[in-house]
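Work through the exercises below with the structure in view. Try each task before reading its solution.

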Amino acid sequence: MTAQKNRLGQGGRIDRTKPLRFTFDGKIYYGYQGDTLASALLANGVTLVGRSFKYHRPRGILSAGAEEPNALIQLGLGDRTEPNLRATQIELYDGLVAESQNRWPSLTTDFGAANSVIQKFIPSGFYYKTFMWPAKAWMFYEKFIRQAAGLGKGPTEQDPDRYDKLYASCDLLIIGAGPSGLATALAAGRTGARVILVDEQQELGGSLLSERTAEIDGKAAADWVAAAVAELTAMPDVTLLSRTVAWAYYDHNSVSLMERVTDHLGPVAGANQPRQRLWRVRAKEVILATGAIERPLVYSDNDRPGCMLASAARTYANRYGSMRGQRAVIMTNNDGAYRTALDLTDAGVTVFAVVDLRSNPQGELVKAARAKGIEIIAGHAITGVKGKLAVTGVDVMPLTADGKGVTSASRHIHCDLVLSSGGWQPTVHLHSQTRAKVVWSDDIQAFVPGDKLPGQNNRSIGGAHGVFRLADCLAEGHAAGSEGAAKLGFGGQSGQAPTVSDEPAEEALLPVWIVPSDKPVGQGGKHFVDYQNDVTAADVMLAHREGYRSVEHLKRYTTMGMATDQGKTSNVNALAIMAGLRNVEIPSVGTTTFRPPYTPVTLGTFSGIDKGDFLDPIRKTAMHQWHEQHGAVFECVGQWHRPYYYPKPGESMHDAVNREVKAARTGVTIVDATTLGKIDIQGPDAAWFLNMVYTNAWTKLEPGRCRYGLMLGEDGMVFDDGVTSRISENHFHMTTTTGGAPRVMSWLEEWHQCEWPDKKVYFTSVTEQWSVMALNGPLSRKLLEELTTDIPLDDDSFPFMSFKDGHLAGVPVRIFRISFTGELAFEVNCKPSHALHIWRALMQAGEKYDITPYGTEAMHVLRAEKGFIIVGQETDGTITPYDLGMGWIMAKSKTDFLGRRSLTREDTKRPDRKHLVGLLTDNPNEVLLEGGQIVAHVKDKPPMDMIGHVTSSYYSPNCNRSIALALVKNGRNRMGETVYLPYEGKVIPARITEPKFFDLEGKRING
Amino acid sequence: MFLITCPYCGARDEHEFGYGHEAHIVRPTPAEYEQMSDAEWAQYLFMRKNPKGVHFERWVHTKGCRRWFNVARHTVTHEILAVYEMGKPAPQIDTEKK
C-alpha cells in the first residue's frame, strides 16, 4: 500500500520511519518526512504533473527548486486553498491534498489541449492582433479570454490563518545557507557579530544537501553541514532561519523575508502559531550567497514530462532517493552535468549516455564518467524527444562541424528521463533589486553582479557571482564573514577557512543557445524557452521578425519571463537567442531588471495581524457606553465612533433626526462633542502665533473670551476652522474640526519649528484630556442652573463667546458659551473621568424638559439651517474665505497671516469664482443628492456645462422643507436664478438663495 | 525603506518619518510679498526643485520626537548624504561626483 516504486532502499535525507499519506488529483500516495511534493511524486513514478498555460501541453517536473516553471500546484482545500505553488518547494505533510492546474476534466484528458492542435495559428501576439478590431468587440472577447487565462484558483472564503510581522536588525544578514553562506556565518559568528542566516529550504546546507561524494575538512559534505549548523546554533548572537525566503532588497540594506512558520505542518497542526511571518531586516552588511540556477538547453520538444535539469535529477537521486529504476540520457554543454551522470549511476539509475554538444570533452569528470562505463556521445545533439504524456526515448544526431546543424545519421535511444544542462546563471535577483547593474561574463556565459550601488552595503559570493567550485565558495564565504565582521569592529577570531581536497577541474562550457534539430526551428518539434508562458525559440524569432528586438519588447510581445517563475530558467536563453538573431553581443539586447518579489509572497504576510478589529484603532468617548445603552446608531468619523442618531422604537432614521432637530429649537438637547480636536497653546508669543495662522485678529481678545477663526493654507484656501479661547494672557485653548485635529497640530508645529523657531510658544494636543458635551436649545440655561452653584449663567455675566470655570453636578468643569446650532448653547468641558457622571446628571435633571440626545446627522442639519460651514464638506482645498462669503473674518488691520498674499492673486480675487449659496428645490420634499452636479442649461445628454455642485443637503423639519448648500460659479451674482440638477434620468430645478435658511436675524442665540 | 538618522534620536526606519518638501524655502516678509508679482509669488508657493541628484529636503520624525530637520538625499541612489537641524545652512556636497 505504501510502495513507492521509484524510491531507493536507502540513502538521502528522508526519514523512512515516517511515511506520510497525501493525495494528488484525488489519488492516494505515500512519501516520507523530508520529501517535497515533487520528490514524493517522482518516488511514486508520477511524471505528468501539469498542463502548460497556453497550449495545455503535458508537463513534468523540471527542477528541484524555486525556479520550477511547470509543476504548479493547487494546494489545500476550501478557505485554505492556495494556487500556483511550486511542487518543488512544498514540504510534504501527512494528509496533504494537491491538485494539478490548468486542465479539464483531467490531466491526462484535457480539452484545452485543443489549443495545442491549433498552435500554429496562435503564435505570440495572436491576441494583440486578433482581438483589436472592431474596438468595441473587445468587451465581448474579454470575457472568454479571461476565462481561458489564469492558472490556479484563488480561495473564495476568508483566510482563517494568522500571520505575523517582525522587525529585526543585525550586523550581517546572510542570504543562502549553501557552502558560501554557511562559511560566512561561521566566520562572522565566531567573532561575536550579530548574524542572521536565512535559507528558503527546510534545511540549511543548500547544494551540499545534494552532494554524494564531496568532502569538506575531511568530512562528508552532509556531516560538515551538520557540524556547521550545530556550531552556529550554539552561538547566542546568530539567528538561523530556514524555510525563509529573502524576497525583496530595498533601500539602505532593508531586506524583506517571508518565513513559512507552520506551512510544513499542514493546516491544523500549527494553529497555535502564525502560518507565516514577514520579517523586515535592517542589516549593516548583506551577504548574497543565493547560489545559481541551472539553465535548461533549448532542444526540440524539450518540455515532455521526463525532461529535467541535470542538477535536479542529482538532487532527487542523492537527497530524496526518488529516482530508482529510471533510465536517463543526459545532454550537456559543460562538465557539471557529468556529476549527475556519476551520481545517478551510483544511485542505481541507468545512464545510457551523455550527449555532449562539445566535440572533444576531456575534463576530469568526463574521464571519470567514461571510466565508469557511461557512454559519452560527443559532438552530438538530442534532436527530438518521443512520448507525449511521458518521455519514451530520444533521437540523437551528430552535429555539423560548425555546430549549427545536424547530419543525417540518427540514433534512437529508449529512456524515460532526458536531463539537460546549459550552464548556470547566478541568482542575481536581489543584487538587481538594489538597482545595481549586472554584467555579462564570457567565462561562464552568464550575468554576474556588477558594482553595488552607493548606500547599499552588500557583497555577492559563491555561485551568486559566478564562482562555482566548492573550494572557492567556501574560501569566499570565509573571507566575507571575517572581513565583514572586522569592518564592523568585531575583532574576534574567525577560525580557519574550510578546505576541500581533490576537487576535479572542469573545462569551459560551449555556448549553444538553440540545439539544432533535423528540421528548422518552428517546423518540427517545439523548442521551449519559457515553459511557464509557452514561449518557444520560434516565438523569439517571430518577435525579431516583427521588430520587437529589445528585451523589454521581447518580454511584452511574447510574455516571456512573466508569471510566477519570472523567467528564472528562461531569461538568459531568450536574450541569447535574440542576440544571435540580431548578431550582437548578448548584453546589448539588454538585461532583465529584477523587481520584488523573488518568489510569490502571500498577501496575508503583508497584513499580518492588521485586519478586522486590529486594522485601525477605534476611538470612543467617555460617554460611549451610555450611547450604546440608549440605542445610538454609530457612524465612523475618522477613527472615532460617534452617535449618528438615537432612534426610538419604531422610528426610521428620518423620524429620529427630525425629532432631534426640532427638539434643539424648542427644548433642550445634548450632543457628545468630545471628538473636536483640542490644542493647548501656551507661551509669550501665543497670541502672535494665532495672528499668523488665523485670518482674524487675536491680540485684543480678552482672557475669558472665545473667538471663531478660519485657517488658510499659504495658497489662501480654507484649511480648518474652530473656536479658540483665551484662558489667560499667554494661554489659549484651540479647537479644530474632528478630522482635522492631527493635521492642524502638525501644521502649527511645522510653521513654528521651520519658519518661526524663535517664537516662544508650545503646542500640546489635549483632545483626549477634555470630554465635551454641548447643550443646545432655549431651555439649556434653565437646565444648567439646576446643577451649578458657582457659575452665573445670565447674559450679562456669561455672554455669548465667553467661558467660565466652575462646578457642575459637583465636579469641576469649564463651560464655553458657543453655538454650532444658532441656539442658546453651552459646551461643557470636563475631565473624561467625570464625563459620564455629568452626562447622566444632565439627563436626569433634564428629564422634565424632555432632554433629547442627538447625533451627528441632527448636528449637520442644525448647522446647515444656519448656513454654518463644515471644512471638508463645503470646502475642498480650492475655496477661499471670500468664496464662502466670509469676508467679515478677514482682518484688515493685520499686515501678515498665512495665505494673505495668495488672496490677492489674480485667480483668487476673481469675482466669478465658485461661491457658497443656498439651493431650494421647487418641490419642498425633494432632497438633493450631495455631490450632485449643477447646470444652468439642460441638454439632451451629457456632456453639459457644469457650474457647481451640492455640498450639503438635508430635510429641515424646522423649515418644513428640503435645504441645500452648494458651490456655484458666480453664485452670489445669480441670486434667485433657477439652476438644474440632472441625475438618474430626471432633472431637478432649484432656486439659488442666500446660504442660510432659519433664524435669518440670528436672534435665537440668546434664548 | 530608508534608514534616516534623526539628529535628535539617531538612526530609525523610514516609516517613523514624514516627508515635508524641499528645504531652505524662505517665506517672504509681507514687505517683500507686497511687491511680488503673482508669478514671483507662485515661485515661492508652488515651484519645487526635482533634481536628478542631490536634493535638500525636510523631514519630520512623526512617530518619534516630532521634530523637523533637513536631509540631503541623492534622488537616484537614495543615499542620505547629510542630516542637519532646521536653521542650519545646506552643507556643501559635491554633486558632480555623484
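**Exercise 1.** Find the bridge partner of A:Leu75 in strand 7 of chain A.

Solution. The partner is A:Ala98. Strand 5 (residues 72-75) and strand 7 of chain A run antiparallel and share three bridges. Two strands pair if DSSP finds at least two bridges between them. Strands are DSSP runs (E, at least two residues), and helices are runs of H or I with at least four, numbered from the N terminus. Next, turn to strand 1 (residues 15-24) of chain A: three bridges join strand 1 to strand 7, in parallel. Here A:Phe24 stands opposite A:Ala98.

This is a predicted model: local features need pLDDT of at least 70, side-chain atom pairs count only at pLDDT 80 or more, and totals for chains, interfaces and linings use all residues. Residues are numbered from 1 along each chain as its sequence is written, while chains are lettered from A and ligands numbered from 1 in the order in which they are written.

**Exercise 2.** Sort the side chains of strand 7 (residues 96-100) of chain A by face.

Solution. A:Leu96, A:Ala98 and A:Ser100 point to one face and are buried (20 or more other C-beta atoms within 10 Å of their own, with C-beta atoms placed from the backbone).

Technical notes: A residue is buried if 20 or more other C-beta atoms lie within 10 Å of its own, exposed if 12 or fewer, and partly exposed in between; C-beta atoms are placed from the backbone.
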